[in-house]
Amino acid sequence: MYPSYLNLSKKELKNRIEKLFKILKNCEICPRKCHVNRLKGEKGYCQLGYLPMVSAYHPHFGEESVLVGRHGSGTCFMTSCNLSCVYCQNYEISQLRIGEEVSFERLAEMMIELQSVGCHNINFVTPTPQVPAILKSLEIAIEKGLKIPLVYNTSSYDSLEVLKLLDGIFDIYLPDAKYSDDKIAQKYSNAPNYFETMKSAIKEMHRQVGDLIISNFKSQNSKPKLKSQNFDNIPEGVALRGLIVRHLVLPNNLAGSEKIFEFIANEISKNTFLNIMVQYWPAYKAHQYPELSRRITKEEFEDAINLAKKFGLKRLYF
Ligand code: SF4
């Protein structure tokens, strides 16, 4: 059955939710390991409790075309983030934490609403600190008839143990590969050990879902492999299952693009669907850092594309 979560037994899904809520008691949901009891209202780095907190939800037409399709990606902007990027373009959501705490039932209703307006997927933006609440809401949404795939849209500052509990639930992983230098990750995102954490997270995501499969009914490639009865409503060119990696090129090569492409090509797959993003602009506090206070140049972007090609990466999206 497709999407994958429809194959999980109710018992198995409950079991995963129980394990995740247990982790919340001494929170190690993400690599920050704050060890606060979020079930009792204690707050860690992300400042979140155990209920879902949502800043906005709507069909989104600005994501990759394979997620947008004809009717949009059903995006739920989850409030807060476990990174603190000084140039964050969504800082009102991620760092000022403007959003509303809602019930599990309400988040389930949001998913159903997005499905009912034709969205091709439910795209959780910065899901990491809220994984337990998302799964609890998913359980309710399945009862209400949810049947479109889930997208895990993350900075990749994720715990391996928690990701393993998501196996068979998310069909599409959409991780950022932000930095290859830990000192730079620390300086601009307050993310210790980012490179190793990101690498092990993306490896696990790829182990679960593999390279991206896009609907193409002229070829028989994708259809039989996924055994779906829900394919009839999916237009061609829409992501069905797999990994999409995003890399935001930063000015002055601060993202360390070369090592990131080398990792993806050699340790993930040369067939990785890779979005090399040009849209950096100095948002939020970036103006306090002269080296981040400008957009990237045409040459910097072309250098990044050429580097990706040098490592044999061929599914480039930009
Ligand atoms: S999810 Fe939040 S409270 Fe839990 S470890 Fe991460 S930042 Fe800390």
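A pocket, in the sense used here, is an open set of grid points where a 1.4 Å probe fits, with protein on both sides within 12 Å along at least five of seven lines. With that in mind, let us walk through this predicted model, starting with its largest pocket, whose volume is about 870 Å³. The lining of this pocket is made up of 36 residues, and Gln 89, Asn 90, Asp 176, Arg 246 and Met 277 are the closest to its centre. Sorted by class, the lining has 17 nonpolar, 14 polar and 5 charged residues. Several elements supply at least two lining residues each, among them helix H3 (91–94), strand S2 (73–78) and strand S8 (239–248).

Now turn to the ligand. The ligand sits in the largest cavity. Around the ligand you will find Cys 27, Ile 29, Cys 30, Lys 33, Cys 34, Arg 38, Gly 44, Tyr 45, Cys 46 and Pro 129. This shell divides into 7 nonpolar, 1 polar and 2 charged residues.

Although His 35 is not a glycine, its phi is positive, about 55°. His 35 is partly exposed, because its relative accessible area is 39%, which falls between the cut-offs of 20% and 50%.

Arg 97, in the loop between H3 and strand S3 (100–101), is not a glycine and has a positive phi of about 55°. With a relative accessibility of 27%, Arg 97 also counts as partly exposed.

Key:
Residues numbered from 1 in each chain as written. Predicted model: local features only at pLDDT ≥ 70, side-chain atom pairs only at ≥ 80, totals over all residues. Heavy atoms only, no water. Near = heavy atom within 4 Å. 1 Å grid on protein atoms, 1.4 Å probe; cavity = no way out; pocket = protein on both sides within 12 Å on 5 of 7 lines; lining within 4 Å. Sits in = over half its atoms within 2 Å of the grid points. Nonpolar A, V, L, I, M, F, W, Y, C, P; charged D, E, K, R; others polar. Points joined across faces, edges and corners; volume = space filled by probe spheres on them. Helix = DSSP H or I, 4+ residues; strand = E, 2+ residues; numbered from the N terminus. Buried < 20%, exposed > 50% of the residue type's maximum accessible area, 1.4 Å probe, protein only.
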